[in-house]
Amino acid sequence: MPHRILPRANQIVPVLGALMLLAGCGFGADPDTTLRDVAIYKAVIIDLIDRSDVNFDSADQLPVVFVETLEVEDVPLEVQVEIVTDFEDRYQVRFIDHLDEAVKADLPDLPVRENSLLVGVGRITVDGSADVRGEWYLDAEMIEAYEYRLQRVVTGTWNIVGEPLSADPMGFVATP
């Protein structure tokens, strides 16, 4: 009697597909922490965009907001995906690994690319309230940094408490 592989393959393929889907969706990530981090980073990114007072110059395409992590730890992939998705109607959000992905490295003052802004976000520390560093960058001479404190007002919503404190930029260092 010949062996029939097809029925078993039909059973294995859906299981493998489901496992790959779970792995791609951040299986094992804490959904509460992911939602918290998304809400905190979104509040900080919006504030940095507003503070930069950048004039996005193209009505034909969405402005680009480059986001770089200011510390050794990257923003988790699940958080990046949610942020990109949440902003997709207003901005093209692109998480980057290196400054040269967002700036014109061939120009002396390393300006950010047209119709874009570069922001940096630090590690979130939570102890009742949340603290996070944020910076915006237009060129090597126009960099501003802030220390933010946020408070959860309802589940999934975090608001900035008072005015963020001005700080010395540390994340974006212009290189010649």
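So, strand 5: 10 of its 11 residues are buried, which means it is largely enclosed by the rest of the structure. Buried here is under 20% relative accessible area, exposed is over 50%, and partly exposed is in between, with a 1.4 Å probe and protein chains only. Strands are DSSP runs of E, at least two residues, and helices are runs of H or I, at least four, numbered from the N terminus.

Before going on, this is a predicted model: local features need pLDDT of at least 70, side-chain atom pairs count only at pLDDT 80 or more, and totals for chains, interfaces and linings use all residues. Residues are numbered from 1 along each chain as its sequence is written, and side-chain values use heavy atoms, with hydrogens and water left out.

Okay, who pairs with strand 5? Two strands pair if DSSP finds at least two bridges between them. Strand 6, residues 142-154, runs antiparallel to strand 5 over nine bridges, and the two make a hairpin with two residues between them. In that pairing, Glu 135 has Ala 145 of strand 6 as its bridge partner. Strand 3, residues 116-121, is also antiparallel to strand 5, joined by four bridges, with Leu 118 standing opposite Tyr 137.

What sits in the loop between strand 4 and strand 5? That's Gly 128, and this hairpin has one residue between the strands, with Gly 128 at a positive phi near 85°. Gly 128 is exposed, at 57% relative accessible area. Leaving aside neighbours within four places in sequence, Gly 128 still contacts Gln 151 and Trp 158, where contact means heavy atoms within 4.5 Å.

Now over to Ser 52, in helix 2, residues 31-52. Buried or exposed? Ser 52 is at 6% relative accessibility, so it counts as buried. Its side chain reaches the backbone oxygen of Ile 49 at 2.7 Å. Not counting residues up to four places away in sequence, Ser 52 touches Leu 117 and Trp 136.

Last stop, the aromatics. Rings of Phe, Tyr and Trp (its six-membered ring) pair if their centres lie within 6.5 Å; planes under 30 degrees apart are stacked, over 60 edge-to-face, the rest tilted. That gives three aromatic pairs. For Phe 87 and Tyr 91, the ring centres are 5.9 Å apart and the planes are at 65°, so that pair is edge-to-face. Phe 87 is buried at 0%, and Tyr 91 is buried at 14%.

How values were computed:
Polar contact = N/O pair within 3.5 Å; in protein donor to acceptor, adjacent residues only side chain to side chain.
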